[in-house]
Amino acid sequence: MKVIIIGAVAAGSKAAAKLKRLKPDWQIIIYTADNNISYSECGLPYYIAGTFKDVHKLVIRTPQDFKKQGIEVFTKHFVEKIYPDKKQILIKNLQTKEEFTDNYDKLIIATGARPNVPDIQGVNLQNVFTLRTIEDGIAIKNAVLQNKKAVILGGGYIGIELLEAFVKQGLYISLIQSSEAIMSIFDNDLAQIIQKYVIQKNLEQVKIINNQTITSIEGEEKVQKIILSDGKEIQTDMVVISAGIKPNVEITQNTGIKLGETGAIKVNSKMETNIKDIYACGDCTEKYHIVAQKPCWIPLGSTANKEGRCCALNVSGQTDEFEGVLGSAVTKYFDFTMSMTGLTEKQALKYGFEPVSVIVRKNDKAGYMPDVESIIIKLTADKNSKKILGAQGIGQGDVDKRINTLTSALLSKMTIQEFFGNDITYSPPFSTSIDPMLTAAQNLMNKFN
């Protein structure tokens, strides 16, 4: 049996390694346009920040590691076309420009996603960057060490992680955000608190400009300034565009492989496409939102690894199902944590629920402990079913563990009353006697009653 995998960052490399363990006598080949495989993209902002010096620490497996397992890896090889009827692909060697075909018995598409670059004049100037690959991370860090002023377009997860990295490296940064506040994936009431904290934390180094976007990037060979949508100019030495990402699905054109309503590849719970013997996993695929019970596209490294494993099991002939996602995520800005799971209030409205929410501000541990910090929890449930829809947490204390307590409740489709019965651990160094998440649940029950 011959299996070809297209792409090998998270999902593709996970699928390859798992499949080889399951079927050691099968021929497994990876084609990727990238220089590197099996690396942690999520660690790149921390490399840029100087948290660690060797960027190769982000590499989990090299092509040589795969070769020792008996997996063939071809880097700098771009798959141009898939011919499902022939069970064949067309590949271009990006170094020699040679084109050739290869045949498969089963095919796994793990082409991932790429930065969404708006159509802005001057995006091709020197020192205008996106962050997706190891090479991008190296280039941005080199520019950071040689310059003083930076502009970041977009204040989502990558934008805020880069903001911290640039502050740590001594830059003066202007962050441009098209919405009313950064981290707009959160409900606006929490996003405003996040933005206020970021500004107060680094008042001299950070300027946030809301409800604006970049209309032009100007300079001769290298960027010198940007023009905003209101006409204002900002002098800068470098620009990083972190305005979201989009799935790499161009390979599916003229193949009959269906895309979902989100624009990513449509797969079932076994990671199968609508074409026999063609599977897909990772950021290029559409997900199923367990709470909303609707298709969604939430690209996360943790999800990609789970899907890669699920894909390998099914390709090998076993049966495994990936049920879907909750959208659980976490990041930080210095000592300030931001985390969520399930649906926010605005997402719940979009999906047709009648959300009811409460916001609780509470200490993360007993008030007499020397390291006590304040956290804010926003808990949301459906007015009709009383089922929990999601939670958001922010603050300088232990936020993410509170959010993690809720994930199992969402998978179990618990009501607020059922969740309130949870026996959550207590000791003064770890929590208040009634955990902040249980306080939120109690307040929400009172609101319903």
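Analyst: E41 counts as partly exposed at 21% relative accessibility, that is, between the limits for buried (under 20% relative accessible area) and exposed (over 50%), with a 1.4 Å probe and protein chains only. R132 lies in the loop between β9 (128-129) and α4 (134-146), and E41 in the loop between β2 (27-31) and α2 (44-49), so the pair ties together parts that are 91 residues apart in sequence. Helices (H or I, at least four residues) and strands (E, at least two) are DSSP runs, numbered from the N terminus.

A word on the basis: this is a predicted model, where local features need pLDDT of at least 70, side-chain atom pairs count only at pLDDT 80 or more, and totals for chains, interfaces and linings use all residues. Residues are numbered from 1 along each chain as its sequence is written, and side-chain values use heavy atoms, with hydrogens and water left out.

For context, the whole structure has 17 salt bridges. One of them joins E164 to K168, with closest N and O atoms 2.9 Å apart. These residues are four apart in helix α5 (residues 157-168), so about one helical turn separates them. Here E164 is buried at 2% relative accessibility, while K168 is partly exposed at 41%.

How values were computed:
Salt bridge = Lys/Arg side-chain N within 4 Å of Asp/Glu carboxyl O.
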